[in-house]
Amino acid sequence: MIEGIYEFLDGLFGGYIVQHPLLAITLAGFVIGGLYTLIYYFFMDVEKMRKIQELSKQLQKEMMEAQKSGDEKKLKKVQQKQLELMRMQGDLMRQQMIPMLLTLPIFWVFFAWLGRWYVEVAIAKAPFNFFLFDWFHGWYHSALGPDELGYFGWYVLSSYVIGMVLRKFLDMG
């Protein structure tokens, strides 16, 4: 079955991928990163997420004040609020699993397919040794040079950019 999916993707994108690897990976990063951000946006309660973040900041401030004052009663009250916050954060984390479960299979199939085309192929080359490139190489034990970035690293960078832009545009924080 997976071979059938790979053959379909080869037929759809094969020639383009061979001729323009940098552009192909950039577009893949934008499409998959954008898709993930949009799925996350539609499946998450963004307002609840903001409320929890604000409550967390407020509780940190209250905790510092209670610790400075040495008031044990106030400290216990803040700790109770923190337990409630942890429960709310757990609920939010369960809600975040839905977008991940929807996008993870797409990610795995797509990256396994890209790996067939681009294993140990430099997609981007910097004019100097860049520490971030070596960091990506360490993730998958790449033999690429410290001034070269493979498909995985370039995808992560491009999907991060589109994700940040979309999050800002959608006012997700």
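Aspartate 147 is buried, with a relative accessible area of 18%. The cut-off for buried is under 20%, so aspartate 147 falls on the buried side. This is a predicted model. The side chain of aspartate 147 meets that of lysine 125 in a salt bridge, at 2.8 Å from N to O. Aspartate 147 sits in the loop between helix H5 (131–140) and strand S2 (148–149), and lysine 125 sits in strand S1 (residues 124–125), so the pair ties together parts that are 22 residues apart in sequence.

Is lysine 125 buried or exposed? Lysine 125 is exposed, with a relative accessible area of 57%. Lysine 125 also meets the side chain of glutamate 148 in a salt bridge, with an N to O distance of 3.8 Å.

## Salt bridges

How many salt bridges does a search of the whole structure find? The search finds 9. Three of them are listed here.

| Aspartate 91 | Arginine 87 | 2.9 Å |

Aspartate 91 and arginine 87 both lie in helix H4 (residues 72–118). They are 4 residues apart, about one turn of the helix. Aspartate 91 is partly exposed, at a relative accessible area of 24%. Arginine 87 is partly exposed too, at 45%. The pair belongs to a network of salt bridges that links Glu84, Arg87, Asp91 and Arg94.

## Helix H2 against H4

Two packed helices are described by the angle between their axes and the distance between the axes. For helix H2 (residues 21–43) and H4, the axes come within 9 Å and cross at roughly 170°. H2 and H4 are therefore roughly antiparallel to each other. The cut-off that decides this is over 145 degrees.

Which residues of H2 make the contact? They are Pro21, Ala24, Ile25, Ala28, Ile32, Leu35, Tyr36, Ile39, Tyr40 and Phe43. H4 contributes residues including Gln95, Ile98, Met100, Leu102, Ile106, Phe110, Leu114 and Tyr118. By class, the contact of H2 with H4 has 18 nonpolar and 3 polar residues, and no charged ones.

Proline 21 is found in helix H2. At 24% relative accessibility, proline 21 counts as partly exposed. Leaving aside neighbours within four places in sequence, proline 21 is in contact with Tyr118 and Ile123. The C-alpha atoms of proline 21 and lysine 125 are separated by 12 Å, though the two are 104 residues apart along the chain.

## Helix H1 against H4

The axes of helix H1 (residues 2–19) and H4 come within 10 Å and cross at roughly 55°. That makes H1 oblique to H4. H1 passes H4 in a right-handed crossing. On the H1 side the contact is made by Ile2, Glu3, Ile5, Tyr6, Leu9, Asp10, Phe13, Gly14, Ile17 and Val18. On the H4 side it is made by Val109, Ala112, Trp113, Leu114, Arg116, Trp117 and Tyr118. By class, this contact of H1 with H4 has 13 nonpolar, 1 polar and 3 charged residues.

Leucine 9 is found in helix H1. At 11% relative accessibility, leucine 9 counts as buried. What does leucine 9 touch, leaving aside its neighbours within four places in sequence? Leucine 9 is in contact with Gly14 and Trp113.

## A positive phi

Most residues other than glycine have a negative phi. Phi of glutamate 120 is near 60°, a positive value in a residue other than glycine. Glutamate 120 is found in the loop between H4 and S1. At 35% relative accessibility, glutamate 120 counts as partly exposed.

Definitions and conventions. Residues are numbered from 1 along each chain as its sequence is written. This is a predicted model: local features need pLDDT of at least 70, side-chain atom pairs count only at pLDDT 80 or more; totals for chains, interfaces and linings use all residues. Side-chain values use heavy atoms; hydrogens and water are left out. A salt bridge is a side-chain nitrogen of Lys or Arg within 4 Å of a carboxyl oxygen of Asp or Glu. Helices (H or I, at least four residues) and strands (E, at least two) are DSSP runs, numbered from the N terminus. Buried means under 20% relative accessible area, exposed over 50%, partly exposed in between (1.4 Å probe, protein chains only). Axes are lines fitted to C-alpha atoms, for helices over the stretch in contact, and angles run from 0 to 180 degrees between N-to-C directions. Angles under 35 degrees count as roughly parallel, over 145 as roughly antiparallel, 65 to 115 as roughly perpendicular and the rest as oblique. Contact means heavy atoms within 4.5 Å. Ala, Val, Leu, Ile, Met, Phe, Trp, Tyr, Cys and Pro count as nonpolar, Asp, Glu, Lys and Arg as charged, and the others, Gly among them, as polar. A crossing is left-handed if the near helix is turned anticlockwise from the far one by less than a right angle, and right-handed if clockwise.
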